[in-house]
Structure formats: C-alpha cells, structure tokens
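User: I am new to this structure. Please take me through how its parts meet.

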Amino acid sequence: MNDKHTNITQSEQHSLLRSDKENVWHPYTSMSEPLPSYLVDSAQGVTINLASGERLIDGMSSWWSVLHGYNHPKLNAALQEQAAKMSHVMFGGLTHRSAITLCEKLVLLTPEGLTKVFLSDSGSVSVEVAIKMALQYQHAIAEKKQVMLTKTKLLTVKNGYHGDTFAAMSVCDPITGMHQIFEQVLMKHYFAPAPSIKFGENWSTDDVTKLSALFSAHHNEIAAFIIEPIVQGTGGMRFYHPEYLKACRLLCDKYDVIMIVDEIATGFGRTGKLFACEWAEITPDIMCLGKTLTGGYITLAATLCTTHIAQTISDGAAGCFMHGPTFMGNALACAVANASIDLLFENDWQNQVQGIESTLNTLLKPLTTHARVKDTRVLGSIGAVECTQSVNVAQIQKRFVELGVWIRPFGQLIYIIPPLIITSEQLSTLVNAIATVLDEDECFS
Ligand code: PMP
C-alpha cells in the first residue's frame, strides 16, 4: 500500500539516502556497492512506513526482536516513565528497581534451576559472557582440586550461529557462520555434525552417535557445549528433534561439561514454548537471552546460570566474575523489558503463537509443491521456505517492497517471523507475496 503520506520531503529523502550510502555501514553489505537501504519514517503495529510513502507489513520483527508491534503505547510509556527518573546509572555499586524486577521475572520464567542473571548489551555479548562463565567455572574447579586446567575448549554442532564477536564467532558454523575470513585467528573448538532428524520426524539415537563420540574422546578438554535449542536459525532455519537436545543434556551431565543454551532467537514464545528448552524439558547450566527481551525496543541481553556455577566462580581465587560492561543493567532497557514481558502474558502469547502457526500451516505449507521450493517449515511463529536456488537479495527485496511487505531473505531461504500481534489477513499478504516472487526468475540467482 502506498498512501504517499510522508513526513520527509523528497529532497530530504534523496539527501539522507545519499549520506547513508556515503557514510554509513550496514550489516553484511559492501560499503562501495551496498545493497539498497529503504528509508523508514515511522513504524506502527505491524507496519513499517517508508519515507517514500509505502506501508509495509513486517514479516521480520526487525530480526526476531519485535514482539508486540512497533510504537506500542505501553512500551512507550514504560520508557518515558523510566526516562523521567533516570535513563542509566552505573551498575557497579548501584542498583535499581527496573533491573531487580527484570531479573526476578527472568528467574521465575526460565527453566527451574537458573537463578542468577548477568545483564549485558547484546546477544553476542551474552554469548561471550556465557563462554567466559563456563571457562571461569572450570578454572575455579581445577583450582579447588589443585589439578591442571585442561577443560578450555568448547564443543558445538555444525550449522550453529551465536553472534559476531570473537568467542561467539569461534562456535559458529565454520562455513555457514559467515566468519571464515577470521578462521586463522579464532580459537579452535570441536564441531559435531548438525542434528539431522527434524522436529516431528521419528527419533533415532543414531543422530547423536558422532556427538557422543566427541564427548567421549575429548571431555577432559571440553569446558562447555553450546547449542541453539530446537531451531538453528542463521544456519538454515533448521528445526530439529527435541530428543537431540535431551541427549545433549545427558551427555553434558555424563562428562561434566557445562551446557550453554542460546535462546537469543527462540526465547519468549517464538517456537510455541516460552523457551525452546521446554520442548525437551531440560534446564541448561547457562542460558543466553536477547533479541525479544525488550520487545524490540532497545538492545539488552541476559546470561542466566545456576546457583552452583555462580557459587563456584565466586569461591574461586578471583572471588568474582570477570566482566562488567558500562551499560550493564541499563534502566531504560530493563524498564521496557519488564513492560514487554508483562504484555506477553496480558496478550496471551500462547494463543497468538498458535494462531500464527495454524495460519502458516494452512497458507505457507502448500508452497511446498512449487517447482522452486525444496521444503517449507513451520514452527510456532516461524515460517520458512527453502528454495532450490539462492535469492537475488536486491531484486527480491525490491519486489517485496512493491508488494507491500518487508521480508529479507538470505541464501536459499525466504522466512518470516512476524510480530505476535499480526492478523491472519496480514499473514496472508506476506505469504501471497512469497508465492508471487517464487514465480519470478529475476528474484533468484
Ligand atoms: N545467537 C543467536 C542464536 C542469534 O540468532 C543471534 C543474532 N542473530 C545472536 C546470537 C547474536 O545476537 P546480537 O546480534 O544481538 O549480537
């Protein structure tokens, strides 16, 4: 839809976009030949309003982060109330109600046993924190036992993605993880094959044979195992069997390896459970949260751990965990996170997610028969179409904008992960747009 109502004049739009192209890095695109960027004027509910007048139905939730829609009155109010008191105070030696309440909520909502919360700035940083916690825990254990520290490596599975900072990059898939260029400087860890039995298929323990063998051979060197629960997102929107995650928990217990679960993308209802771990009824030793934590308003992440891990680290010679970001516990972010979590329950998130899942099952699944489609997958509020060819990002993006939707595919995947408040009519517009571009050769390379 294009009602041409816009607050930015055409000449301003041109000059802003010229400046953007000249000075501003955007993620994963060339600085000299960048993919086009569309200028946003505002966003409201499930709609992104471009300065050029187009109204786009958002299929991406701004990379999995927006839950209740844009410009939400309750989230805005939470921010304003907090800003009127203070936006930020240092977290060393000071604390405040918004952070305390948020950490209480997270302890209450996450699987039983996760009791201590470390707040940080972004998903990648929460993964750095998780890895550091596991390493410092193993250090403290070795110190206590007065043995040499050997558990310094990580174990993970292929097709994983955990962020763009260095420790996080080192556990991303060596090929699909987008970080091959840094291979020579990244810490070397162990990689098992990706889980291959899909969510909903029959389970066989064969899927963990190689993983078990790696645990068995190297457990003396392995400090922690890290995995995205149930959904491998950036690695290909692969939904795997909950029994795999259960088996990972058992192996970590058997071999005294810390289990880190990266719920940054899957947390807060996205897969149909509040946390994807619940599909396997497991509690990890450490859990990372981010993205939707503030309902898509401000960057904030959390790393939760058990009392045992926190206690062991605190009993070590250092006496404290060695991390302390400047913006730790940012009050604005915590206030909006509290409001977003409250809204999740007020809005009956389970009902919202089930509604999206059933509409996607009806509308998206039939695309499986399209000649250009290899597979379609739906889980909770996530719908993915795996194509037989890679998309031409610039072209497909242009067509989606013309069709009134915001969908950003990558590789061979066109996926949607809409805000939970989306209506079935809006979902249908998203799926129809996908169906349309599937017929257009120029959208694929
Ligand atoms: N882990 C997972 C599973 C993610 O999907 C992402 C973000 N795509 C990250 C970590 C990194 O989070 P951030 O971009 O906030 O650093």
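Analyst: The centres of domain 1 and domain 2, taken over C-alpha atoms, are 27 Å apart. This is a predicted model.

User: What makes up domain 1 and domain 2?

Analyst: The domain assignment gives 76-346 as domain 1. Domain 2 is 349-383 + 405-420 + 437-445.

User: How many residues does each domain bring to the contact?

Analyst: Domain 1 brings 19 residues and domain 2 brings 15 residues. Contact here means heavy atoms within 4.5 Å.

User: What area do domain 1 and domain 2 bury between them?

Analyst: About 1400 Å², with 70% of it on carbon and sulfur atoms. On the domain 1 side, Met237, Phe239 and Arg270 lose the most area to domain 2. Together they make up 48% of what that side buries.

User: Why is the pair Asp375 and Lys198 called a salt bridge?

Analyst: The closest N and O atoms of Asp375 and Lys198 are 3.8 Å apart. The cut-off is 4 Å, between a side-chain nitrogen of Lys or Arg and a carboxyl oxygen of Asp or Glu. The pair therefore counts as a salt bridge. Between domain 1 and domain 2 the count is one salt bridge.

User: How many residue pairs are in polar contact across the interface of domain 1 and domain 2?

Analyst: The rule finds five, with both residues at pLDDT 80 or more.

User: Which elements supply the side of domain 1 that touches domain 2?

Analyst: β9 (238-239) and α10 (331-346) each supply at least two residues of that side. The residues of this side of domain 1 divide into nine nonpolar, six polar and four charged.

Note on methods: Residues numbered from 1 in each chain as written. Heavy atoms only, no water. Domains from an automatic or database assignment. Buried area = accessible area lost by both parts, 1.4 Å probe. Polar contact = N/O pair within 3.5 Å; in protein donor to acceptor, adjacent residues only side chain to side chain. Helix = DSSP H or I, 4+ residues; strand = E, 2+ residues; numbered from the N terminus. Nonpolar A, V, L, I, M, F, W, Y, C, P; charged D, E, K, R; others polar.
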